Structures are given as structure tokens and as C-alpha cells.
Amino acid sequence: MPRNPAELIVDPATAAYYAEHAAEVALRYEQAASPFAGYFATAFPAGSRVLDVGCGSGRDLAALRAAGLEACGVEPVDALRAQALRLHPELEGHIAAGALPGLGEPFGGGFDGVLCSAVLMHLPQTELFDAAFALRAVLRPHGRLLLSIPLTRGDPLQQDRDVGGRLFTPLVPEALQRLFERIGLQLIGRWDTDDALQRQGTRWSTLLFELRATGALRAADQIEGMLNRDRRMRVAGAATRCAFALR
Ligand SMILES: C[S@@+](CC[C@H](N)C(=O)[O-])C[C@H]1O[C@@H](n2cnc3c(N)ncnc32)[C@H](O)[C@@H]1O
């Protein structure tokens with residue numbers, strides 16, 4: 001499957017939910033101060049160039065810039081990018097379309113820090129390896145990755161989807177830690193907290209990694225990446241053949 005930044009491969013039902021509810025979602029996120037702003041100083045030293053992946057309403061991006069960091073963000077949903085610019089006009093020129101896993105090199109790549117808050121659960125399991133790889137690829141040596149994932153959710157899910165249809169792939173911090181460590185990122189901090197929007201039963205895990213190994217990856221990891229791509233191509237091929245057979 002060809003992958004480039006212009007071709008945003010996002011779970012369709014998740015993207016549709018955010019597109020339809022952009023104004024309401026943005027308002028909700030802006031109600032609470034950034035739950036991750038408390039970690040910015042620890043994660044990103046002064047002067048860092050930081051990329052916010054899946055920047056949503058622009059709340060964290062605005063906070064990063066207000067803290068004096070040279071921050072920019074990518075967000076796949078047009079309506080959310082529009083909301084971010086409406087709520088934070090100072091972000092003009094610092095937000096672009098972009099999505100995991102086909103992140104590419106937004107704003108030229110080479111970041112000292114990456115923030116990826118409450119995004120990875122919207123990717124199918126099969127995309128996680130490539131997504132981790134894409135996050136690593138935009139970091140400079142010793143760059144930092146601050147990411148948050150839901151530990152528990154208060155609302156019932158049906159086949160990993162909420163009532164709005166958004167995908168919530170179950171993620172386990174220890175498994176993510178192993179995945180990132182295999183590609184050269186070392187866990188240097190972890191904080192488990194309640195939900196900033198006070199949703200009952202929802203808790204978050206925030207993980208901080210540092211890119212330690214920048215050399216060649218283990219052969220096994222390269223093979224796994226190739227197998228993932230191969231598996232996706234076979235699924236896409238079968239879907240295309242089905243579509244033609246049904247015509
Ligand atoms: C729960 S919101 C979090 C927004 C923001 N990061 C925050 O913490 O407030 C999830 C965000 O992930 C974005 N998203 C969904 N799938 C994505 C993907 N494959 N790549 C990047 N962002 C994605 C959504 O459009 C949405 O902005």
C-alpha cells in the first residue's frame with residue numbers, strides 16, 4: 001500500500017466522528033487545562049522543536065508554543081484543524097494535515113520532541129508497529145517522545161468501538177514499552193492519572209521515551225515491518241478482488 005503524507009489513512013469511522021463533532025469535541029478538550037502540560041518541562045528542554053501528532057483542538061500545541069517551544073502539529077481531520085485555528089489563531093502556519101502511520105517528515109522532520117496524546121488507541125493493532133516506527137523517524141538522536149493512552153475507559157465498548165463509532169484499540173503500557181524499546185526508544189518516565197475531564201472510570205497512562213539507539217534496527221524488527229506491510233497488501237488485494245466480484 002503506498003504511503004505518503006498526502007494520503008491520510010485514518011480509521012474511517014473515527015475520522016467521521018471527529019469531522020461531524022469537531023466543534024463540540026474541541027470545546028470539550030478546551031474546557032480543561034492541558035492534562036499533559038505538567039510534563040512538558042520534564043519532557044522537552046527549553047529551545048526544543050516539538051511536533052504534536054494528532055493535535056486535535058490545538059490545546060497542547062498552543063500550550064507548547066506559549067511555553068516558548070518551537071512547536072508545530074499535524075492533524076488528519078480538516079474540521080478539527082479548522083477548530084484549532086479558530087480557537088488559537090496564533091497557530092496559523094504551524095498546523096498541517098498528517099496522520100499515523102504515514103507521517104512522513106512534516107515540517108522537515110528532525111524534532112527534539114514529539115507529543116502524541118490520546119491518539120494511538122485510534123489505530124488498528126496492525127498499524128501500531130509502523131506508527132511507532134514513524135514516530136521514531138521524526139526524532140533526532142536523544143529526542144523525546146511523550147505519549148498518552150487510555151488505561152481504562154468508563155464507557156462500554158462494542159468490538160473496541162464507542163457509541164460514536166470511534167476505534168479504541170486496547171493498549172497495554174508494558175506492551176507499548178516493549179514495542180518502542182525494540183526500535184531504540186528507552187522508557188524514562190511513566191505517570192498513571194485520572195481523567196482530566198473527570199469521566200468516571202477513565203484513566204490515562206502517560207509514557208516518556210528517549211531515542212537512544214539510532215543505528216540499524218535488529219533484522220527481526222525490519223522483517224516484522226515488512227510482514228506487516230505484506231499482510232496489509234494481501235488484505236487490500238482481497239478487498240479489491242471482492243469489490244470487483246460484487247460489481
Ligand atoms: C482524543 S483526540 C486527542 C486530541 C489531542 N491530541 C488531545 O490530547 O487533546 C484524538 C485525536 O487523534 C486524531 N487521530 C485519529 N486517528 C489518527 C491518526 N491515524 N493519526 C493521527 N491522528 C489521528 C483525531 O483526529 C483526534 O484529533
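Strand 1 (residues 49-53) and strand 2 are paired in the parallel sense over five bridges, where two strands count as paired if DSSP finds at least two bridges between them; strands (E, at least two residues) and helices (H or I, at least four) are DSSP runs, numbered from the N terminus. This is a predicted model, in which local features need pLDDT of at least 70 and side-chain atom pairs count only at pLDDT 80 or more, while totals for chains, interfaces and linings use all residues. Residues are numbered from 1 along each chain as its sequence is written.

Within the pairing of these strands, Leu 51 has Cys 72 of strand 2 as its bridge partner. Strand 2 (residues 70-74) is also joined to strand 3, by two bridges and in parallel, and here Val 74 has Ala 96 of strand 3 as its bridge partner. Four of the five residues of strand 2 are buried, that is, they have 20 or more other C-beta atoms within 10 Å of their own, whereas 12 or fewer make a residue exposed and a count in between makes it partly exposed, with C-beta atoms placed from the backbone.

These strands belong to an open sheet of seven strands in the order 3-2-1-4-5-7-6, with mixed pairing. Strand 3 (95-96) and strand 6 (185-194) stand at its edges, and because each has a single partner strand, one side of each is left without a neighbour in the sheet.

In the loop between helix 5 (78-87) and strand 3 lies Gly 93, which is exposed because it has 8 other C-beta atoms within 10 Å. The C-alpha atoms of Gly 93 and Cys 72 are separated by 8.5 Å, although the two residues are 21 residues apart along the chain.

The largest nonpolar core has 54 residues, and Val 50, Val 53, Leu 100, Val 114, Cys 116, Leu 135 and Leu 145 have the most contacts inside it; such a core is a set of buried Ala, Val, Leu, Ile, Met, Phe, Trp, Tyr and Cys residues joined through C-beta atoms within 7 Å. Not counting residues up to four places away in sequence, Leu 145 touches Val 114, Cys 116, Leu 135, Leu 139, Leu 185 and Phe 209.

Methods
Contact = placed C-beta atoms within 7 Å.
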